[in-house]
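Me: I am new to this structure and would like to learn how to read it. Could we go through it together, feature by feature?

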Amino acid sequence: MKDNCPRILSIAGSDSGGGAGIQADIKTVTMLGGHAMTAITAVTAQNTMGVQSVFRVPVRMILEQIESVVGDIGVDAIKIGMIGSADAAQAVAQHLVNHSIPVVFDPVMIATSGSELADNETIAAFGALMNVATVVTPNLPELEALGGKDEILRHSCHLVIKGGHSDGDDVVDELHAPNGLLKRVEGKRIETNQTHGTGCTFASALACGLGAGLDLINAFEQAVSFTRIAIVKAPGLGEGSGPLGHQFVTDFQNSQR
């Protein structure tokens, strides 16, 4: 970290509607006082109603983006979101094997709108990324698709189990280490459909906290808090599941001190 400005690299897809993916990551890292950098894995034609089209970036170009920023600016933490393809997953994982910085892997499979963002072959390759991840952050359907808690922890990573897709009036988020539960945060469910990019926001907030030098528990708590506030402050854009209000979480850093 240079001059108290954590350098966060997001390896993820671009959302033309600005709600999720690279765009949500940039907004989150910026509002948390970091410098956001990107390696774009896919370009999507997307809005609050769904994903209309996906163009996957060639693997070599993804790696060149990573090498470009790491070689010059440096990186304090990495967030991985939509990876685009099985080949990209394997190549990025291999590229990160020798890096010692925190890696947050958000195993994106389905957009909030229900559109598929990872095929079965890509999901099968997620194991390589979990092997290099510091922490994996699936929602409940993604957790099930990856074989459950024990299967993910078998990769020697930490695990955040996000409760947003659960039923009931409360949402429970849990941080697990390979040897047991580290932290449980419970909050009232926010009744809204303005949740597009929630997973991306949480993962990039977690990466920013780790890049800034917070321990995993404090970075987890900060990410939960930032994401909840951003949901509450969502501006209500679009006809479907709208984006969060990252830009309105202006007093967050001061409130955490």
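This is a predicted model: local features need pLDDT of at least 70, side-chain atom pairs count only at pLDDT 80 or more; totals for chains, interfaces and linings use all residues.

Me: Is the crossing of H2 and H3 left-handed or right-handed?

Reply: The crossing of H2 with H3 is right-handed. The axes of H2 (residues 59–72) and H3 (residues 86–96) come within 9 Å and cross at roughly 30 degrees. Angles under 35 degrees count as roughly parallel, and therefore H2 and H3 are roughly parallel to each other.

Me: Which residues in H2 and H3 meet?

Reply: From H2 come Val59, Ile62, Leu63, Ile66 and Glu67, and they meet Asp87, Ala88, Ala91, Val92 and His95 in H3. Sorted by class, this contact of H2 with H3 has seven nonpolar residues, one polar and two charged.

Me: Now the sheet, please. What is the order of the strands?

Reply: Here is the general idea: strands of a sheet pair through backbone hydrogen bonds, either parallel or antiparallel. In this model, nine strands form an open sheet with mixed pairing, in the order E3-E2-E1-E4-E5-E6-E7-E8-E9. E3 (50–56) and E9 (180–188) stand at the edges with a single partner strand each, so one side of each has no neighbour in the sheet.

Me: How many bridges join E7 to E8?

Reply: Three bridges join E7 (residues 158–161) to E8 (residues 170–177), and these two strands run antiparallel. Leu159 stands opposite His176 in E8.

Me: Which strands does helix H1 lie across?

Reply: Helix H1 (residues 21–31) lies across E1 (7–15), E2 (35–47) and E4 (77–80), and runs at about 150 degrees to E1. H2 also packs on the sheet, where it touches E1 and E2, and its direction makes about 155 degrees with that of E2.

Terms used:
Residues are numbered from 1 along each chain as its sequence is written. Side-chain values use heavy atoms; hydrogens and water are left out. Axes are lines fitted to C-alpha atoms, for helices over the stretch in contact, and angles run from 0 to 180 degrees between N-to-C directions. Helices (H or I, at least four residues) and strands (E, at least two) are DSSP runs, numbered from the N terminus. Angles under 35 degrees count as roughly parallel, over 145 as roughly antiparallel, 65 to 115 as roughly perpendicular and the rest as oblique. A crossing is left-handed if the near helix is turned anticlockwise from the far one by less than a right angle, and right-handed if clockwise. Contact means heavy atoms within 4.5 Å. Ala, Val, Leu, Ile, Met, Phe, Trp, Tyr, Cys and Pro count as nonpolar, Asp, Glu, Lys and Arg as charged, and the others, Gly among them, as polar. Two strands pair if DSSP finds at least two bridges between them.
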